[in-house]
Amino acid sequence: MSRGLYIHVPFCVKKCRYCDFFSEARPTLAESYVRSVIRNVSALKERFETVYFGGGTPSLLSAEQIGRIISSADIESGAEISMEINPGTADEKYFREIKASGVDRISFGIQSFDSRELSALGRIHTAEEAVSAVLSAKKAGFENISGDIMLAVPYQTRETLRKTVEKAVSLPLTHISAYMLKVEKGTPLAEDEELLKKLPSEDETADMYLETAELLEKHGFEQYEISNFAKRGYECRHNLKYWHCEEYQGIGPSAHGFTDGERYFCGDSTEEFISKPLQGKIPEGKGGEAEERAMLALRLTKEGIPVTMFPQLERRSEMLIKSGLAKLDGGYLRLTPKGCLVSNEVIIYVLGN
Ligand code: SF4
(Lines give C-alpha, C1' and ligand atoms only; values in the text may rest on other atoms or scores of the structure.)
Protein backbone atom coordinates (compact mmCIF):
# COMPACT_ATOMS: atom_id res chain seq x y z
CA MET A 1 0.00 0.00 0.00
CA SER A 2 1.38 3.44 -0.93
CA ARG A 3 2.15 5.94 1.77
CA GLY A 4 0.64 9.36 2.40
CA LEU A 5 2.55 12.62 2.05
CA TYR A 6 2.06 15.46 4.53
CA ILE A 7 3.42 18.91 3.68
CA HIS A 8 3.46 21.51 6.44
CA VAL A 9 3.17 25.11 5.21
CA PRO A 10 4.45 27.26 8.09
CA PHE A 11 2.94 30.64 7.17
CA CYS A 12 -0.08 32.52 8.51
CA VAL A 13 -1.34 36.08 8.06
CA LYS A 14 -1.27 36.44 11.85
CA LYS A 15 -1.44 34.10 14.81
CA CYS A 16 -4.87 33.15 16.14
CA ARG A 17 -5.13 33.55 19.92
CA TYR A 18 -5.43 29.85 20.71
CA CYS A 19 -2.92 28.51 18.20
CA ASP A 20 0.14 26.49 19.14
CA PHE A 21 0.78 25.03 15.68
CA PHE A 22 4.08 25.94 14.09
CA SER A 23 3.37 28.94 11.86
CA GLU A 24 4.86 32.36 11.33
CA ALA A 25 3.80 35.57 9.60
CA ARG A 26 6.79 35.51 7.21
CA PRO A 27 5.37 35.31 3.68
CA THR A 28 8.62 36.62 2.15
CA LEU A 29 10.14 33.19 2.81
CA ALA A 30 7.47 31.46 0.74
CA GLU A 31 9.43 30.97 -2.50
CA SER A 32 12.58 29.60 -0.80
CA TYR A 33 10.33 27.35 1.28
CA VAL A 34 8.61 26.03 -1.86
CA ARG A 35 12.00 25.27 -3.48
CA SER A 36 13.03 23.35 -0.40
CA VAL A 37 9.77 21.36 -0.39
CA ILE A 38 10.36 20.47 -4.04
CA ARG A 39 13.97 19.36 -3.31
CA ASN A 40 12.76 17.16 -0.46
CA VAL A 41 9.76 15.72 -2.29
CA SER A 42 11.78 14.94 -5.43
CA ALA A 43 14.28 13.02 -3.28
CA LEU A 44 11.52 10.64 -2.11
CA LYS A 45 11.63 7.82 -4.56
CA GLU A 46 8.13 6.55 -3.93
CA ARG A 47 4.57 6.92 -5.08
CA PHE A 48 1.85 8.44 -2.86
CA GLU A 49 -1.85 7.75 -2.65
CA THR A 50 -2.75 10.74 -0.49
CA VAL A 51 -1.21 14.22 -0.21
CA TYR A 52 -2.20 16.70 2.49
CA PHE A 53 -1.16 20.37 2.58
CA GLY A 54 -1.60 21.44 6.21
CA GLY A 55 -0.38 24.32 8.27
CA GLY A 56 -0.22 27.10 8.88
CA THR A 57 -2.13 28.46 5.94
CA PRO A 58 -1.31 26.58 2.71
CA SER A 59 -3.51 29.01 0.76
CA LEU A 60 -0.87 31.70 1.33
CA LEU A 61 1.14 29.91 -1.36
CA SER A 62 0.18 30.85 -4.90
CA ALA A 63 -1.69 28.30 -7.01
CA GLU A 64 1.41 28.15 -9.22
CA GLN A 65 3.58 27.21 -6.20
CA ILE A 66 1.09 24.54 -5.12
CA GLY A 67 1.10 23.21 -8.69
CA ARG A 68 4.92 23.00 -8.77
CA ILE A 69 4.98 21.06 -5.49
CA ILE A 70 2.33 18.61 -6.72
CA SER A 71 4.22 18.09 -10.00
CA SER A 72 7.40 17.26 -8.09
CA ALA A 73 5.75 14.29 -6.35
CA ASP A 74 5.02 10.86 -7.79
CA ILE A 75 1.28 10.61 -7.13
CA GLU A 76 -0.98 7.68 -8.02
CA SER A 77 -3.91 8.36 -10.28
CA GLY A 78 -7.07 8.62 -8.16
CA ALA A 79 -5.03 9.91 -5.21
CA GLU A 80 -6.66 12.25 -2.70
CA ILE A 81 -4.93 15.67 -2.62
CA SER A 82 -6.23 17.81 0.25
CA MET A 83 -5.46 21.37 1.11
CA GLU A 84 -6.32 23.41 4.19
CA ILE A 85 -7.66 26.85 3.31
CA ASN A 86 -8.45 29.79 5.53
CA PRO A 87 -11.54 31.69 4.48
CA GLY A 88 -10.47 35.18 3.50
CA THR A 89 -7.30 33.98 1.74
CA ALA A 90 -8.75 32.45 -1.44
CA ASP A 91 -11.25 33.37 -4.17
CA GLU A 92 -12.97 31.47 -6.99
CA LYS A 93 -10.06 32.06 -9.40
CA TYR A 94 -7.65 30.55 -6.86
CA PHE A 95 -9.93 27.54 -6.36
CA ARG A 96 -10.10 26.96 -10.13
CA GLU A 97 -6.31 27.16 -10.39
CA ILE A 98 -5.52 24.77 -7.53
CA LYS A 99 -8.14 22.38 -8.87
CA ALA A 100 -6.40 22.43 -12.25
CA SER A 101 -3.14 21.60 -10.41
CA GLY A 102 -4.68 18.45 -8.94
CA VAL A 103 -6.07 19.48 -5.53
CA ASP A 104 -9.38 17.62 -5.12
CA ARG A 105 -10.28 18.13 -1.48
CA ILE A 106 -10.50 21.35 0.49
CA SER A 107 -10.63 21.74 4.22
CA PHE A 108 -11.79 25.13 5.46
CA GLY A 109 -10.93 26.49 8.91
CA ILE A 110 -14.40 27.92 9.54
CA GLN A 111 -14.45 27.45 13.36
CA SER A 112 -17.68 29.41 13.94
CA PHE A 113 -20.31 31.49 12.17
CA ASP A 114 -20.65 33.78 15.19
CA SER A 115 -18.71 37.04 14.83
CA ARG A 116 -18.05 37.46 18.55
CA GLU A 117 -16.63 33.93 18.78
CA LEU A 118 -14.47 34.43 15.67
CA SER A 119 -13.02 37.62 17.06
CA ALA A 120 -12.39 36.03 20.50
CA LEU A 121 -10.42 33.31 18.68
CA GLY A 122 -8.47 35.97 16.76
CA ARG A 123 -9.44 34.56 13.35
CA ILE A 124 -8.84 36.83 10.35
CA HIS A 125 -12.10 35.98 8.58
CA THR A 126 -15.76 36.88 9.08
CA ALA A 127 -18.73 34.50 9.00
CA GLU A 128 -19.76 35.95 5.62
CA GLU A 129 -16.30 35.31 4.18
CA ALA A 130 -16.50 31.68 5.32
CA VAL A 131 -19.86 31.20 3.57
CA SER A 132 -18.60 32.87 0.42
CA ALA A 133 -15.37 30.79 0.42
CA VAL A 134 -17.31 27.50 0.58
CA LEU A 135 -19.69 28.62 -2.18
CA SER A 136 -16.77 29.78 -4.39
CA ALA A 137 -15.00 26.43 -3.96
CA LYS A 138 -18.18 24.63 -4.95
CA LYS A 139 -18.62 26.93 -7.95
CA ALA A 140 -15.05 26.22 -9.00
CA GLY A 141 -15.96 22.52 -9.19
CA PHE A 142 -14.91 21.10 -5.80
CA GLU A 143 -17.14 18.24 -4.62
CA ASN A 144 -15.13 17.19 -1.60
CA ILE A 145 -15.26 20.11 0.83
CA SER A 146 -14.69 19.93 4.56
CA GLY A 147 -15.23 22.56 7.23
CA ASP A 148 -13.74 22.70 10.74
CA ILE A 149 -15.93 23.99 13.52
CA MET A 150 -14.86 24.52 17.08
CA LEU A 151 -16.60 23.65 20.34
CA ALA A 152 -16.07 25.22 23.78
CA VAL A 153 -15.04 28.60 22.41
CA PRO A 154 -15.23 31.78 24.56
CA TYR A 155 -18.79 33.24 24.53
CA GLN A 156 -20.19 30.08 22.88
CA THR A 157 -23.53 28.80 24.11
CA ARG A 158 -25.48 25.70 23.07
CA GLU A 159 -27.66 28.05 21.04
CA THR A 160 -24.82 29.81 19.14
CA LEU A 161 -23.16 26.46 18.47
CA ARG A 162 -26.43 25.00 17.17
CA LYS A 163 -26.68 27.96 14.78
CA THR A 164 -23.10 27.39 13.59
CA VAL A 165 -23.79 23.70 12.96
CA GLU A 166 -27.07 24.47 11.19
CA LYS A 167 -25.31 27.00 8.98
CA ALA A 168 -22.54 24.49 8.21
CA VAL A 169 -24.96 21.74 7.17
CA SER A 170 -26.84 24.19 4.92
CA LEU A 171 -23.64 24.73 2.87
CA PRO A 172 -22.31 22.31 0.22
CA LEU A 173 -19.97 20.58 2.70
CA THR A 174 -19.38 16.84 2.54
CA HIS A 175 -17.25 16.57 5.69
CA ILE A 176 -17.26 18.38 9.03
CA SER A 177 -14.61 18.24 11.75
CA ALA A 178 -15.88 19.34 15.16
CA TYR A 179 -12.95 19.98 17.49
CA MET A 180 -12.96 20.99 21.13
CA LEU A 181 -10.91 24.10 21.78
CA LYS A 182 -7.90 23.27 23.94
CA VAL A 183 -6.35 26.12 25.88
CA GLU A 184 -2.65 25.53 25.21
CA LYS A 185 0.00 26.91 27.55
CA GLY A 186 1.90 29.90 26.23
CA THR A 187 -0.83 31.06 23.83
CA PRO A 188 -2.37 34.55 24.22
CA LEU A 189 -5.69 32.88 25.08
CA ALA A 190 -4.13 31.04 28.03
CA GLU A 191 -3.02 34.39 29.45
CA ASP A 192 -6.26 36.30 28.87
CA GLU A 193 -8.09 35.93 32.18
CA GLU A 194 -11.17 37.83 31.01
CA LEU A 195 -11.60 35.62 27.95
CA LEU A 196 -11.01 32.45 29.95
CA LYS A 197 -14.00 33.40 32.11
CA LYS A 198 -16.16 33.27 28.96
CA LEU A 199 -15.40 29.61 28.26
CA PRO A 200 -18.37 27.25 28.57
CA SER A 201 -18.31 24.95 31.62
CA GLU A 202 -17.33 21.28 31.35
CA ASP A 203 -20.97 20.19 31.59
CA GLU A 204 -22.02 22.66 28.89
CA THR A 205 -19.16 21.47 26.70
CA ALA A 206 -20.25 17.85 27.08
CA ASP A 207 -23.81 18.78 26.08
CA MET A 208 -22.46 20.77 23.13
CA TYR A 209 -20.49 17.79 21.87
CA LEU A 210 -23.38 15.34 22.18
CA GLU A 211 -25.85 17.76 20.58
CA THR A 212 -23.45 18.52 17.72
CA ALA A 213 -22.88 14.82 17.01
CA GLU A 214 -26.65 14.24 17.00
CA LEU A 215 -27.40 17.21 14.75
CA LEU A 216 -24.69 16.27 12.27
CA GLU A 217 -25.92 12.67 12.11
CA LYS A 218 -29.44 13.95 11.54
CA HIS A 219 -28.17 15.86 8.51
CA GLY A 220 -26.40 12.84 7.00
CA PHE A 221 -22.90 13.44 8.38
CA GLU A 222 -21.95 10.08 9.86
CA GLN A 223 -19.48 10.13 12.69
CA TYR A 224 -16.41 8.05 11.78
CA GLU A 225 -13.90 9.45 14.26
CA ILE A 226 -14.15 11.22 17.61
CA SER A 227 -14.07 14.66 15.94
CA ASN A 228 -14.91 13.82 12.32
CA PHE A 229 -18.19 13.44 10.45
CA ALA A 230 -18.70 12.78 6.75
CA LYS A 231 -21.32 12.15 4.14
CA ARG A 232 -20.91 8.54 3.02
CA GLY A 233 -17.75 8.10 0.90
CA TYR A 234 -16.25 11.46 1.91
CA GLU A 235 -14.12 10.36 4.88
CA CYS A 236 -10.64 11.90 4.70
CA ARG A 237 -8.43 9.16 3.25
CA HIS A 238 -5.21 10.85 4.37
CA ASN A 239 -6.28 11.24 7.99
CA LEU A 240 -7.59 7.66 8.01
CA LYS A 241 -3.99 6.61 7.34
CA TYR A 242 -2.95 8.16 10.67
CA TRP A 243 -5.69 6.37 12.59
CA HIS A 244 -5.01 3.08 10.78
CA CYS A 245 -1.36 3.45 11.78
CA GLU A 246 -0.27 3.42 8.15
CA GLU A 247 2.99 5.04 7.10
CA TYR A 248 3.45 8.53 5.68
CA GLN A 249 6.22 10.96 4.86
CA GLY A 250 6.27 14.41 6.48
CA ILE A 251 7.88 17.40 4.79
CA GLY A 252 8.42 20.89 6.23
CA PRO A 253 9.14 22.52 9.58
CA SER A 254 7.30 20.82 12.45
CA ALA A 255 6.04 17.96 10.27
CA HIS A 256 6.11 14.40 11.59
CA GLY A 257 6.51 11.25 9.54
CA PHE A 258 6.30 7.48 10.00
CA THR A 259 8.33 5.22 7.73
CA ASP A 260 9.80 1.69 8.03
CA GLY A 261 8.24 1.30 11.48
CA GLU A 262 9.95 4.45 12.87
CA ARG A 263 8.42 7.81 13.69
CA TYR A 264 10.36 11.01 13.02
CA PHE A 265 10.10 14.78 13.50
CA CYS A 266 11.41 17.29 10.96
CA GLY A 267 12.48 19.97 13.48
CA ASP A 268 10.79 23.34 13.78
CA SER A 269 12.94 25.93 12.08
CA THR A 270 11.86 27.39 8.75
CA GLU A 271 15.40 28.76 8.20
CA GLU A 272 16.97 25.34 8.66
CA PHE A 273 14.38 23.73 6.43
CA ILE A 274 15.16 26.25 3.70
CA SER A 275 18.95 26.22 4.00
CA LYS A 276 19.62 22.46 4.27
CA PRO A 277 19.85 20.51 1.00
CA LEU A 278 17.52 17.93 2.61
CA GLN A 279 15.58 18.29 5.85
CA GLY A 280 16.83 16.64 9.02
CA LYS A 281 14.86 13.80 10.63
CA ILE A 282 14.85 13.54 14.40
CA PRO A 283 13.99 9.94 15.40
CA GLU A 284 10.95 9.63 17.67
CA GLY A 285 10.98 5.89 18.27
CA LYS A 286 9.09 2.89 17.00
CA GLY A 287 5.53 3.20 15.71
CA GLY A 288 2.75 0.76 14.99
CA GLU A 289 2.93 -1.37 18.15
CA ALA A 290 -0.30 -3.14 19.15
CA GLU A 291 -1.15 -0.64 21.90
CA GLU A 292 -0.71 2.35 19.62
CA ARG A 293 -2.78 0.65 16.94
CA ALA A 294 -5.56 -0.01 19.44
CA MET A 295 -5.43 3.53 20.79
CA LEU A 296 -5.81 5.01 17.32
CA ALA A 297 -8.38 2.48 16.10
CA LEU A 298 -10.59 3.17 19.12
CA ARG A 299 -10.91 6.75 17.85
CA LEU A 300 -12.61 5.34 14.75
CA THR A 301 -16.20 5.10 15.85
CA LYS A 302 -17.34 2.99 12.88
CA GLU A 303 -14.40 0.58 13.17
CA GLY A 304 -13.14 0.17 16.73
CA ILE A 305 -11.02 -2.76 17.88
CA PRO A 306 -11.70 -6.53 17.92
CA VAL A 307 -12.75 -7.51 21.40
CA THR A 308 -10.27 -10.39 21.20
CA MET A 309 -7.29 -8.04 20.63
CA PHE A 310 -6.17 -8.12 24.29
CA PRO A 311 -6.89 -10.80 26.92
CA GLN A 312 -8.44 -8.30 29.37
CA LEU A 313 -10.65 -6.62 26.79
CA GLU A 314 -13.69 -8.90 26.83
CA ARG A 315 -14.18 -8.45 30.58
CA ARG A 316 -13.51 -4.70 30.54
CA SER A 317 -15.76 -4.06 27.57
CA GLU A 318 -18.76 -5.31 29.60
CA MET A 319 -18.38 -2.39 32.02
CA LEU A 320 -17.98 0.10 29.17
CA ILE A 321 -21.07 -1.21 27.43
CA LYS A 322 -23.12 -1.13 30.66
CA SER A 323 -22.12 2.52 31.20
CA GLY A 324 -23.12 3.44 27.65
CA LEU A 325 -19.54 4.41 26.73
CA ALA A 326 -19.07 1.70 24.10
CA LYS A 327 -20.99 -0.86 22.12
CA LEU A 328 -20.14 -4.25 20.72
CA ASP A 329 -20.84 -4.74 17.04
CA GLY A 330 -19.80 -7.85 15.10
CA GLY A 331 -17.08 -8.59 17.65
CA TYR A 332 -15.71 -5.03 17.54
CA LEU A 333 -15.71 -2.64 20.48
CA ARG A 334 -16.69 0.86 19.37
CA LEU A 335 -17.03 4.10 21.31
CA THR A 336 -20.44 5.75 21.53
CA PRO A 337 -20.64 9.60 21.41
CA LYS A 338 -20.74 9.52 25.22
CA GLY A 339 -17.60 7.36 25.19
CA CYS A 340 -15.91 9.79 22.77
CA LEU A 341 -16.27 12.51 25.42
CA VAL A 342 -14.04 10.54 27.79
CA SER A 343 -12.01 8.71 25.15
CA ASN A 344 -8.67 9.17 26.92
CA GLU A 345 -9.99 7.61 30.12
CA VAL A 346 -11.61 4.75 28.14
CA ILE A 347 -8.36 4.07 26.28
CA ILE A 348 -6.37 3.99 29.54
CA TYR A 349 -8.96 1.63 31.04
CA VAL A 350 -8.96 -0.65 28.01
CA LEU A 351 -5.18 -0.84 27.69
CA GLY A 352 -4.21 -0.69 31.37
CA ASN A 353 -2.76 -3.71 33.19
S1 SF4 B 1 -4.79 29.99 10.85
FE2 SF4 B 1 -4.51 28.00 11.84
S3 SF4 B 1 -2.29 27.67 11.92
FE4 SF4 B 1 -2.63 29.86 11.45
S5 SF4 B 1 -2.55 30.87 13.42
FE6 SF4 B 1 -4.71 30.41 13.03
S7 SF4 B 1 -5.07 28.38 13.97
FE8 SF4 B 1 -2.84 28.70 13.80
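## Close-up views of a predicted model

**View 1. The loop that holds D260.** D260 lies in the loop between strand 10 and strand 11 (262–265), in a model that is predicted. Its phi is positive, about 50°, although D260 is not a glycine. Most residues other than glycine have a negative phi. D260 is exposed, since 7 other C-beta atoms lie within 10 Å, and a residue counts as exposed when that number is 12 or fewer.

**View 2. The loop that holds S254.** S254 is placed in the loop between strand 9 (248–251) and strand 10 (256–259). Here, too, phi is positive in a residue other than glycine, with a value near 75° for S254. S254 counts as buried because it has 20 C-beta neighbours inside 10 Å, the number from which a residue is called buried being 20 or more.

**View 3. The cis peptide bond between G55 and G56.** G55 and G56 are joined by a cis peptide bond, for which omega is about 20°. Most peptide bonds are trans. G56 is found in the loop that runs between strand 2 (47–55) and helix 2 (63–72), and both G55 and G56 are among the residues around the ligand.

**View 4. The shell around the ligand.** Around the ligand are found C12, K15, C16, C19, F21 and S23, together with G55, G56, T57, N86 and G109. By residue class, this shell divides into six polar residues, four nonpolar residues and one charged residue.

**View 5. G67 in helix 2.** G67 lies in helix 2, and with 17 C-beta neighbours inside 10 Å it counts as partly exposed. Between the C-alpha atoms of G67 and L44, which are 23 residues apart along the chain, the separation is 18 Å.

**View 6. Helix 9 and the face that it buries.** Helix 9 (residues 202–218) has 17 residues, which at 1.5 Å a residue should span 24 Å, and this agrees with the 24 Å between its end C-alpha atoms. The buried residues of helix 9 are T205, M208, Y209, T212, A213 and L216. Seen down the axis of helix 9, these buried residues fall within an arc of 125°, so they line one face of the helix. On the other side of helix 9, D203 and K218 are exposed.

**View 7. The surroundings of helix 9.** Among the strands against which the buried residues of helix 9 pack are strand 5 (144–151), strand 6 (175–180), strand 7 (222–225) and strand 8 (228–230). Just after helix 9, G220 takes a positive phi of about 90°.

**View 8. The chain as the setting of these close-ups.** The chain has 15 helices and 15 strands. Its radius of gyration is 20 Å, close to the 20 Å that the globule rule gives for 353 residues, so the chain is as compact as a globular protein of that length. Taken along the principal axes, the C-alpha atoms of the chain fill a box of roughly 55 × 45 × 40 Å, and 41% of the 353 residues count as buried. Of the contacts in the chain between residues at least 6 apart in sequence, 71% join residues at least 24 apart.

How values were computed:
Residues are numbered from 1 along each chain as its sequence is written. This is a predicted model: local features need pLDDT of at least 70, side-chain atom pairs count only at pLDDT 80 or more; totals for chains, interfaces and linings use all residues. A residue is near a molecule or strand if its C-beta atom, placed from the backbone, lies within 6 Å of it. Ala, Val, Leu, Ile, Met, Phe, Trp, Tyr, Cys and Pro count as nonpolar, Asp, Glu, Lys and Arg as charged, and the others, Gly among them, as polar. Helices (H or I, at least four residues) and strands (E, at least two) are DSSP runs, numbered from the N terminus. The expected span of a helix is 1.5 Å times one less than its number of residues. The arc is that of the directions from the helix axis to the C-beta atoms. Two residues are in contact if their C-beta atoms, placed from the backbone, lie within 7 Å. The radius of gyration is taken over C-alpha atoms; the globule rule is 2.2 Å times the number of residues to the power 0.38.
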